[in-house]
Amino acid sequence: MTVPKFGLGTFRLKDDVVRRVVADALELGYRAIDTAQGYDNEGEIGEVLAASGVPRADVYLTTKIKPANYRRDALLDSLRVSLEKLRVEQVDLTLIHWPVPNGEVRPEEYLAALAEAREQGLTREIGVSNFNIAGLRRAREILGVVPLATNQVEIHPYLQNRRLVEFARGEGLHLTSYMTLAVGKVMDDPVLRDIAGAHGANPAQVALAWALAQGFSVIPSSTKRENLAGNLRAQDLQLTTEDMDRIAALDVGEAARIASPESARPVWD
């Protein structure tokens, strides 16, 4: 199993909300769930997964190591705690959440620890999140033959990350798009609404289909069951070349970036 093209994001979902959303998603057919140590919801997700009756082998489970746990021993210990919370013996994918370029722990240490977690069987695959081109190059140098399953980055119609996308394609590196719906901004976009109308779809489905058409995985989130179901149907939406060109013209670059914490972000490409 490699990184699925469609999954459920759980950022900002907590307590009974995340329990309900994950339960709805599993009932609707979602079989990939994305969480993180920093989301503080691994325990609730583990509860729902255990009670769902869905076989563990059918669910692709991703978590992310938070910067406070980047030291080798802390990374390995914290991942074991994540496994306990998620009630699994192994996650399918573990990511370094942010590169933290000015932090005390260098990538040589936290990436080597991540590779060690893979060797120990704590995670089946490893990857990174929010890495720029230079960071990806360095990661591959450090990891050597150990593959990066994905780089999870913010990509949506207004921030299309073209330099990073071009580099990743050239290197055969998979990308996962997060915030593909630009925190709901796509719903009111006249271009996306027009394209959606022509296909009998909605703007969220158009934005997701646009990302999927470029080979990205997507992990949209919603607290509403009907939106979770609607998002899944984006996989059946085929956009035209003209549609893709119109969406390409919506890119405004860095001005549209949503996630960019000062202490943890790289220098964006």
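1. Ser-217 in E8 is the bridge partner of Thr-176. Strand E7 (residues 175-178) pairs with E8 in the parallel sense over two bridges; strands count as paired if DSSP finds at least two bridges between them. Strands (E, at least two residues) and helices (H or I, at least four) are DSSP runs, numbered from the N terminus.

2. This is a predicted model, in which local features need pLDDT of at least 70 and side-chain atom pairs count only at pLDDT 80 or more, while totals for chains, interfaces and linings use all residues. Residues are numbered from 1 along each chain as its sequence is written, and side-chain values use heavy atoms, with hydrogens and water left out.

3. The eight strands form an open sheet with parallel pairing, in the order E1-E2-E3-E4-E5-E6-E7-E8. Strand E1 (8-9) and strand E8 (217-218) stand at the edges with a single partner strand each, so one side of each has no neighbour in the sheet.

4. UniProt, in an unreviewed entry, places the feature "binding site" at His-97; such annotations may be inferred rather than shown by experiment, feature names are shortened, and positions are given in the numbering used here. His-97 lies in the loop between strand E4 (91-96) and helix H4 (107-119). The residue is buried, at 12% relative accessible area (buried is under 20%, exposed over 50%, partly exposed in between; 1.4 Å probe, protein chains only). Beyond four places in sequence, His-97 has contacts (heavy atoms within 4.5 Å) that include Tyr-39, Lys-64, Tyr-70 and Ser-129.

5. Ser-129 belongs to strand E5 (residues 123-129) and is buried, with a relative accessible area of 1%. Among the residues that Ser-129 touches, leaving out those up to four places away in sequence, are Ile-96, His-97, Trp-98, Asn-151 and Tyr-178. The side chains of Ser-129 and Asn-130 are joined by a polar contact of 3.2 Å (a pair of N or O atoms within 3.5 Å; within protein, one must be able to donate a hydrogen and the other to accept it, and residues adjacent in sequence count only if both atoms are side-chain atoms).

6. Helix H7 (residues 190-199) has Leu-192, Ile-195 and Ala-196 buried. Seen down the axis of H7, its buried residues fall within an arc of 100 degrees, so they line one face; the arc is that of the directions from the helix axis to the C-beta atoms. These buried residues pack against helix H8 (203-213) and helix H10 (241-248). The face turned away from the buried side carries the exposed residues Pro-190, Arg-193, Gly-197 and Ala-198.
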